[in-house]
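Open the model in your viewer and keep the sequence panel beside it.

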Amino acid sequence: GFVTAWVFYSFTSYPKPSQFERVVQALIFTIFIQAFAHLISYIYGYFSVKFGLPNWSNNTGTVCLLTISVIIGVLFSYFANNDKFHRVLRKLKITKETSYSSEWFSAFSEKVTYVVLHLDGERRIYGWPIEWPTEPNKGHFLLAQASWLVDDNKQIPLDGVDSILVDASSVELVEFMIKTWEDDNV
C-alpha cells in the first residue's frame, strides 16, 4: 500500500496529506493489492496443476505484490491526471467533481491554449504555457513564444528568447485565450 501511495503522489500534483491520512490511504491500497494478489495466486494455482508449473513461493508472492502495487499506483495516477473516471461519473450525474487536485490544475489541464498572465504593476505577458505551478501562489510558469502586451493588446515579442520563467506569486490573473490559430489553419 505504501508503494502504491508513493507511486500515486510521485505521478500526480496532489499535495501529500498528513501522515495519518497517508497511512489510511496505504491501508486502503493494501486491501486492493491483497485482493488482486489472492486472485492471481488462485489463477496461478489452477494453471500450475493443469500445466505442471512450479508451486507458488514466497518470492513469487513478493514479486507479485510489488508488481501489483506499482500497477495500481500508475492506474490511479492515470485516472487522477486525465479526469476520465470522474467524467463518466459526471455524465451519469453521480458527481460534479473532477479528478484533478484543484480548480487551478483543472483549468490548465483542460484549457490547452495561449494564456495572458497579468503581473504585478499592470504588466501583461502572453505565451504558450509549457509548465505551470500546481498551486496558484507557489512555483513558476514556463511560457514559450512569449511577448509583452502593451496598450491596445499590441504585442512586443521577446526576440531571441526560447521560453521565459514567471514567478507564480507575481501573477494576479490568468486569461485563457480563444483558439483562433485553429481557425487560421483550416
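Select helix H5 (103-110). Trp 104, Phe 105, Ser 106 and Phe 108 of H5 are buried, meaning under 20% relative accessible area, where over 50% is exposed and anything in between partly exposed (1.4 Å probe, protein chains only). Now show S1, S3 and S6: the buried residues of H5 pack against these strands. Helices (H or I, at least four residues) and strands (E, at least two) are DSSP runs, numbered from the N terminus.

A word on the source: this is a predicted model, in which local features need pLDDT of at least 70 and side-chain atom pairs count only at pLDDT 80 or more, while totals for chains, interfaces and linings use all residues. Residues are numbered from 1 along each chain as its sequence is written, and side-chain values use heavy atoms, with hydrogens and water left out.

**The largest core**

Select Leu 117, Ile 125, Phe 141, Leu 143, Val 166, Val 171 and Val 174. These have the most contacts inside the largest nonpolar core, which has 14 residues. Such a core is a set of buried Ala, Val, Leu, Ile, Met, Phe, Trp, Tyr and Cys residues joined through side-chain atoms within 4.5 Å. Helix H5, strand S1 (115-119), strand S3 (140-150) and strand S6 (171-176) each give two or more residues to this core. Another core, of seven residues, lies apart from it; select Ala 5, Ile 33, Ala 37 and Cys 64, which are among them.

Return to Ile 125. Which residues does Ile 125 touch, not counting those up to four places away in sequence? The list includes Val 115, Leu 119, Leu 143, Trp 148, Leu 158 and Ile 164. Contact means heavy atoms within 4.5 Å.

Most residues other than glycine have a negative phi. Gln 145 is exposed, because its relative accessible area is 52%.

**H1 against H3**

Select helix H1 (residues 2-11) and helix H3 (residues 58-82). They pack at an angle of about 30 degrees, with their axes 8 Å apart. Axes are lines fitted to C-alpha atoms, for helices over the stretch in contact, and angles run from 0 to 180 degrees between N-to-C directions. H1 brings Val 3, Thr 4, Val 7, Phe 8 and Phe 11 to the contact, and H3 brings residues including Leu 66, Ser 69, Val 70 and Phe 76.

Zoom in on Ser 69. At 5% relative accessibility, Ser 69 counts as buried. Leaving out residues up to four places away in sequence, Ser 69 touches Val 3, Thr 4 and Ile 33.

Now pick Phe 2, in H1. Is Phe 2 buried or exposed? Phe 2 counts as exposed, because its relative accessibility is 56%. Beyond its neighbours within four places in sequence, Phe 2 is in contact with Val 23 and Ala 26.

**The salt bridge**

Last stop: Asp 83, in the loop between H3 and helix H4 (84-91). Asp 83 forms a salt bridge with Arg 90, and the closest N and O atoms are 2.6 Å apart. A salt bridge is a side-chain nitrogen of Lys or Arg within 4 Å of a carboxyl oxygen of Asp or Glu. The structure holds one salt bridge. Asp 83 counts as buried, at 1% relative accessibility. Arg 90 counts as partly exposed, at 26%. Check the backbone too: Asp 83 has a positive phi of about 65 degrees although it is not a glycine.
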